[in-house]
Amino acid sequence: MRKKIPFAGPSITQKEIDYVIDGVKNGFYETFNMHVEKLETEISDYCGTEYAIATHTCTLAMHLACLCLDLKEDDEVICTDFSWVATAYAISYTGATPILVDIDPDTWCIDPKKIKSAITNKTKAIMLVHSFGVPAKMDEIMAIAKEYNLKVIEDAAPSLGAEFNGKKVGSFGDFGCFSFHGAKIAVTGEGGMLLTNNKKLYEKARLFVAMGRTDRKAVFWSDSIGYQYTMGNLTAALALAQVQRIEELVSMKRSIFDRYEKNLSGIEGIKMIKEKENTRANYCYPSLLLQPSIKTNRDDILKHFKENNIHARPGFPRMSEFPSLKKTYENPVAEMAEKRGISLPSAANITNNDIDFVCERLIYMIKN
Ligand SMILES: Cc1ncc(COP(=O)(O)O)c(C=O)c1O
């Protein structure tokens, strides 16, 4: 069989190895947190926020964000229907209800028009996703939030390095959240990050993230219920090296996307999911939509890919169809992405030949 073309996978250099070894050798005792502190400083500098807190996963960062905004039962949070379920469940953990609305057909991010029509007197916040590294329409979303006095959480899990009007995603809302999960652009296996510009919210999150510990009356004293959500130093050592290389990683992903786009540009019925003007996608997962003119079944294409050892992904199933979540709206654009969307392989070890082969197999399936 032809060699595997994995869906995702990291770029690991000597820098990552050196940092982890440094963590193993030196990251204990009084320096037990040295890489965590450096990581938090460097990622907030990079993204242009005042504060950052490293967490064990992005899901936990999003849960912290929801806790800090005091979300609770009877509150509603307007959220995209098209995401990994962590986005909605982070809201559900607090007892609040995610209201799942449709996406914009060009970016697969939440459609601001759908946010507006879903607002009720119970709405407290908007939880948007910068889907697959393509920025959401932050100007429109922030204007709606301002008009209706809503909080904003950016789920930027795969989108480190993406920009909207020259500003990094994750720095617009009350909170921004990133993931370092193994399939993301910057990778540690499991890992997350919470960003904010708000000192009060930061201090609240700091208490929550480490069991409410204050040491106020004694060592190990805790004043309020908290969670053990912090990132370990060894994970942070790896994350630090990846964050210091993020511009290189973004360039790599953008070149992969460019080659896919060039190869597929003349093929009728293929719509690439692309950045809008004045934005920069990191193209963590280069994705496309098969337009209705294409009669080949999407799942047959994925099956053919698998037979050729190409690992691609279907679009996310709509979360509103899950028995654990509530369906409020029909979301036809998300349904289309679910049924006719494909995310193409873009691991760091992919070669131009691999990309050309994926495109050749895709075109073959479409034309036969
Ligand atoms: C859009 C989105 N949000 C949240 C997450 C959760 O990230 P983590 O696995 O770090 O909790 C993911 C991970 O796949 C994701 O894709």
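Select residues 151-155 and 175-179 to begin: strand β5 and strand β8 lie here, joined by three bridges and running parallel. The strands and helices named on this tour are DSSP runs numbered from the N terminus, strands (E) of at least two residues and helices (H or I) of at least four. Two strands are said to pair if DSSP finds at least two bridges between them.

The model is predicted, and local features need pLDDT of at least 70, side-chain atom pairs count only at pLDDT 80 or more, and totals for chains, interfaces and linings use all residues. Numbering runs from 1 along each chain as its sequence is written, and side-chain values use heavy atoms, with hydrogens and water left out.

**Stop 1: strand β8 and its sheet**

Display Asp155 with Cys177, its bridge partner in β8.

Buried means under 20% relative accessible area, exposed means over 50%, and partly exposed lies in between (1.4 Å probe, protein chains only). With side chains shown, Phe175, Cys177 and Ser179 point one way from β8, whereas Gly176 and Phe178 point the other way.

Now widen the selection to the whole sheet. It is open and has seven strands, in the order β1-β9-β8-β5-β4-β2-β3, with mixed pairing. Its edges are β1 (51-55) and β3 (97-101), each of which pairs on one side only. On average, neighbouring strands are turned by 20° against each other, direction ignored; the axes behind this angle are lines fitted to C-alpha atoms, for helices over the stretch in contact, and angles run from 0 to 180 degrees between N-to-C directions.

**Stop 2: the ligand**

Centre the view on the ligand. Its shell has 14 residues, and the closest are Cys58, Thr59, Asp155, Ser179 and Lys184; a residue counts as near if one of its heavy atoms lies within 4 Å.

The side chain of Ser179 has an N or O atom 2.7 Å from a ligand oxygen. At Cys58, a polar backbone atom is 2.9 Å from an oxygen of the ligand. Of the 390 Å² of accessible area that the ligand has on its own, the protein covers 90% (Shrake-Rupley method, 1.4 Å probe; for residues, only the protein chains shown count as cover).

Colouring the shell by class gives six nonpolar, six polar and two charged residues. Here Ala, Val, Leu, Ile, Met, Phe, Trp, Tyr, Cys and Pro are nonpolar, Asp, Glu, Lys and Arg are charged, and the others, Gly among them, are polar.

**Stop 3: helix α3**

Helices α3 (58-68) and α4 (86-92) each supply at least two residues of the shell. The largest share, three residues, comes from α3.

Select α3 alone. Eleven of its eleven residues are buried, so this helix is largely enclosed by the rest of the structure; among them are Cys58, Thr59, His63 and Cys68. At its start, a side-chain oxygen of Thr57 reaches to within 3.4 Å of the backbone nitrogen of Thr59. This is a polar contact, a pair of N or O atoms within 3.5 Å; within protein, one must be able to donate a hydrogen and the other to accept it, and residues adjacent in sequence count only if both atoms are side-chain atoms. After α3 comes Asp70, whose phi is positive, near 60°.

**Stop 4: Thr296**

Move to the loop between β12 (287-290) and α10 (298-307), where Thr296 is placed. Its relative accessibility is 12%, which counts as buried. A polar atom of the Thr296 side chain lies 2.9 Å from the backbone oxygen of Met365, and this side chain also reaches the backbone oxygen of Ile366 at 3.5 Å.

**Stop 5: a three-stranded sheet**

Finally, select β7, β6 and β11, which form an open antiparallel sheet in the order β7-β6-β11. The edges are β7 (167-168) and β11 (279-280); each has a single partner strand, so one side of each is left without a neighbour in the sheet. Strand β6 (residues 163-164) is joined to β11 over two bridges, and Glu163 stands opposite Arg280 in β11.
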